Amino acid sequence: MGNKEKVHELVCGYISEAEDHTVAGVEVQDEFLEGHPCENLYEEIYEQKNL
């Protein structure tokens, strides 16, 4: 897997917490974890879709 693909999978939470979360020496966070902006925005979109 290339760096771009690994970053994408880490940011979207597709890679488990047990795996290494570094790419080219930079730690990459799952942006969909509870409390992160992407998770909050995703929740808002989901709620609006189901109105």
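Predicted model: local features only at pLDDT ≥ 70, side-chain atom pairs only at ≥ 80, totals over all residues.
Here is a walk through this structure, from the overall chain down to a few individual residues.

Residues are numbered from 1 along each chain as its sequence is written, and side-chain values use heavy atoms, with hydrogens and water left out.

Let us begin with the whole chain. It has 2 helices and 2 strands, and reading along the sequence gives the pattern α-β-β-α. Helices here are DSSP runs of H or I with at least four residues, strands are runs of E with at least two, and both are numbered from the N terminus. The C-alpha atoms fill a box of roughly 40 × 20 × 15 Å, taken along the principal axes. The radius of gyration is 13 Å, whereas a compact globule of 51 residues would have one near 10 Å; this radius is taken over C-alpha atoms, and the globule rule is 2.2 Å times the number of residues to the power 0.38.

How much of the chain is buried? Buried residues make up 14% of the 51 residues, where buried means under 20% relative accessible area, exposed means over 50%, and partly exposed lies in between (1.4 Å probe, protein chains only). The chain exposes about 4,300 Å², with carbon and sulfur atoms supplying 52% of it; accessible areas come from the Shrake-Rupley method with a 1.4 Å probe, and for residues only the protein chains shown count as cover. Among contacts (heavy atoms within 4.5 Å) with a separation of 6 or more, residues 24 or more positions apart account for 0%.

Met1 sits in the segment before helix 1 (3–11) and is exposed, with a relative accessible area of 69%. Beyond its neighbours within four places in sequence, Met1 is in contact with Lys6 and Glu9. Met1 and Phe32 are 21 Å apart in space, C-alpha to C-alpha, and 31 residues apart in sequence.

Not counting residues up to four places away in sequence, His21 touches Leu10, Ile15, Ser16, Val26, Glu27 and Val28.

Moving on, Ala24 is found in the loop between strand 1 (22–23) and strand 2. What is the phi of Ala24? It is positive, about 50°, although Ala24 is not a glycine. Most residues other than glycine have a negative phi. Ala24 is also exposed, with a relative accessible area of 70%.

The next stop is Asp30, in the loop between strand 2 (26–27) and helix 2 (37–49). Asp30 is buried yet has no salt bridge, and Lys6, the nearest side chain of opposite charge, is 14 Å away. A salt bridge here is a side-chain nitrogen of Lys or Arg within 4 Å of a carboxyl oxygen of Asp or Glu; for charge, Lys and Arg count as positive and Asp and Glu as negative, while His and the chain ends are not counted. What lies 2.7 Å from a polar atom of the side chain of Asp30? The backbone nitrogen of Phe32 does. Setting aside residues up to four places away in sequence, Asp30 touches Leu10, Val11, Cys12, Gly13 and His36.

We finish in helix 2, where Cys38 lies. Cys38 counts as partly exposed, at 30% relative accessibility. Leaving aside neighbours within four places in sequence, Cys38 is in contact with Glu31 and Phe32.

Definitions and conventions:
Polar contact = N/O pair within 3.5 Å; in protein donor to acceptor, adjacent residues only side chain to side chain.
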